[in-house]
There are 2 protein chains.
Amino acid sequence: MKRPTIADIARRAGVSKGAVSYALNGQPGVSEATRQRIVAIAQEIGFNPNSAARALSGASARAVGLTLCRPARILSIEPFFMGLISGFEAELAARSYALTLQVVSTPEQEVEVYRRWWGERRIDGVIVTDLRENDVRIPVLQQLQLPAVVIGGPGDTGKIAQVWSDDAGAITETVRYLVALGHRRIARVGGLPDLLHTRTRTRAFEDVCTSLGLNEAVTMPSDYTGEEGGRATRRLLIGADRPTAIIYDNDVMAIAGLAVAQEMGLAVPGDLSIVAWDDSPLCSLVHPPLTALSRDIAEYGAHAARELLAAIDGKQVGNVEAGTAHLTPRGSTAPPR
Amino acid sequence: MKRPTIADIARRAGVSKGAVSYALNGQPGVSEATRQRIVAIAQEIGFNPNSAARALSGASARAVGLTLCRPARILSIEPFFMGLISGFEAELAARSYALTLQVVSTPEQEVEVYRRWWGERRIDGVIVTDLRENDVRIPVLQQLQLPAVVIGGPGDTGKIAQVWSDDAGAITETVRYLVALGHRRIARVGGLPDLLHTRTRTRAFEDVCTSLGLNEAVTMPSDYTGEEGGRATRRLLIGADRPTAIIYDNDVMAIAGLAVAQEMGLAVPGDLSIVAWDDSPLCSLVHPPLTALSRDIAEYGAHAARELLAAIDGKQVGNVEAGTAHLTPRGSTAPPR
DNA sequence: AGAATTCACTGAACCGGATAAGTTGACGAG
DNA sequence: CTCGTCAACTTATCCGGTTCAGTGAATTCT
């Protein structure tokens, strides 16, 4: 089947290619009657502008890029990224932008992908996740002047827009809640230590523990996998002064932690309270259902997409807070016995 | 920053645009010495061919499309699709094809997306998941002559390539195993009833139960969500003749089913054995760990991507079996008490 | 030696849109 | 009645690659 082009439309409408282009793009230069005739013909023959031709002459490729930097086995189980993608899509599809995805394994590879995409003019902008301290991607994006929105801050991204959630506030609220229940020994199983939001959480955790007079604020670093989360939990629970409550940086690790507690004969929440960060349907499925820090991840993603589209349109965008988590108490938290 | 073009390279090398194109694409028409000089210059200035220009003149857009047709809340929690995507990516990235993603909510929308992508010449081929009976997408893809690979069969897809796993064999093996353990009342919580592979599983389940002389083979339809899976489990377990084993069409529903059993005071595996289809790390995390039908989903996806790339290259591709699930016994199955 | 072939490369057309610059014809003002 | 203005187009050029039809020189063949 041959794809229809504006030349086909022009022929059928008895006008020039230029007129068709003006008509379909809502530009001035054609009469309303002609415009409607052209639009009707385009509809009828099912015309879609060739994105390559459009990208070649005009500016926009009408596509944005997203790289995912996690091993496959984590990607598949972590609900976070899929939620984010769903959110992006809702916004992008509404403005008929395409989403181009690439899975990488290191930030350096990610930089390579950005450079290639930019060189290929394949995308108009990127969404950057997992901000790190002194992130190598930031200077490259600035140098390429590639519109971008960074998720995972707040951090130092120069003029690049950010969408972030107030993790420090969320963890402070959580610790206060646990202390109010009577807990004094609270530990945390953290995410990848390199990520900026992990550091933010760790610092906030330490600060609030200090200010509430808790003697120590142990954070076991981990990598978001259930395996590691379970291992970290085991290490926390075999100590003499084992914690009575643990906060996990994602839901998968929290579920693994729950399994470890049960395996060690500890009652949840009687002997151990558990809080999961990021609420997915999984948290309500296990027994007891997990108290979680819920946030609307899809909306978070949608917000980022809106900011990115604004940046691509040349609007000035800055630093936006969105999708801060709030505590959803369920059966996994209670006063310590 | 200005993007380098072949004209820039041509100028620096003192040759014509055409020569550069031949050199970089490994075409004959330039001497080896010149080719190396040109390649070196391209490397040095970090040249990437403009994908739009390439797609416009040549044939290939060097991109393939994937649509995901599930509500956001299922997508985020279902490890299957992310596993599939990881697998695709591994193959696509190796041949520097991009993956374009679109989330839709109905097969009709999916058809629209295919038409648009085709018209825009945005992609060279698509991967089609969730094959249905009399699938509306198949005739459209044939009409557009859009290279495609279908996952979720086997089914009738005409000349379009398929990659499928032997679900019938897997469920037969599972039922035989449960029967060998001593189970006589085996039920199943199925996936979306419209999907062809759900039907395949249901029919195979019924067949094997009949051939083994089990009186009934109840399949409760569901939608892959934990909620529905839990509900279906509850309905199965409140009956007088409650099953002693349940097979779930995905891992999320199996975990939900486990929670329901525990909530109802049934011991797993003592009172109820549970088998999950598709093994994710989640299955090993819960307590007891779930016996599962494991398959390498990423490899399944990689296989599909390879077939698609072959189809795009104009090679004849047919009907390939890949990634059939095999039973991985864990703690959730045992002889009935 | 002269013709034929091969090699290495150039120049120009082309893909399908966007868009700046030029060309009509109608209309209103002076 | 003529000039200027404006709407409604057309024409031509450009984007950055690919590719085909030359072209001149070197090599091979007879």
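I take helices (H or I, at least four residues) and strands (E, at least two) as DSSP runs, numbered from the N terminus. This is a predicted model, in which local features need pLDDT of at least 70, side-chain atom pairs count only at pLDDT 80 or more, and totals for chains, interfaces and linings use all residues. Residues are numbered from 1 along each chain as its sequence is written, chains are lettered from A and ligands numbered from 1 in the order in which they are written, and side-chain values use heavy atoms, with hydrogens and water left out.

**Cis peptide bonds**

I looked up P269(B) in the loop between α12 (251-263) and β9 (273-277) of chain B. The bond joining V268(B) to P269(B) is cis, with omega about 10°. I then went to P288(B), in the loop between α13 (281-285) and β10 (291-294) of chain B. H287(B) is joined to P288(B) by a cis peptide bond, its omega near 0°.

**Positive phi**

For accessibility I use relative accessible area: buried is under 20%, exposed over 50%, partly exposed in between (1.4 Å probe, protein chains only). R121(B), which is not glycine, has a positive phi near 55°. I find R121(B) in the loop between α7 (107-120) and β3 (125-128) of chain B. R121(B) is partly exposed because its relative accessible area is 27%.

Y224(B), also not a glycine, has a positive phi near 75°. Y224(B) sits in the loop between β7 (219-220) and α11 (226-237) of chain B. Its relative accessibility is 3%, so I note Y224(B) as buried.

**T244(B)**

Is T244(B) buried or exposed? At 12% relative accessible area, T244(B) is buried. I checked its side chain for polar contacts (N or O atoms within 3.5 Å; within protein, one able to donate a hydrogen and the other to accept it, and residues adjacent in sequence counting only if both atoms are side-chain atoms). The side chain of T244(B) makes one of 2.6 Å with that of H183(B).

**DNA strand C**

I count a residue as near the strand if one of its heavy atoms lies within 4 Å of it. Of the 26 residues around DNA strand C, those that come nearest are S21(A), S57(A), S16(B), S31(B) and T34(B).

A polar side-chain atom of Y22(A) is 3.0 Å from a base nitrogen of DNA strand C. A polar backbone atom of S57(B) is 3.4 Å from a base oxygen of DNA strand C.
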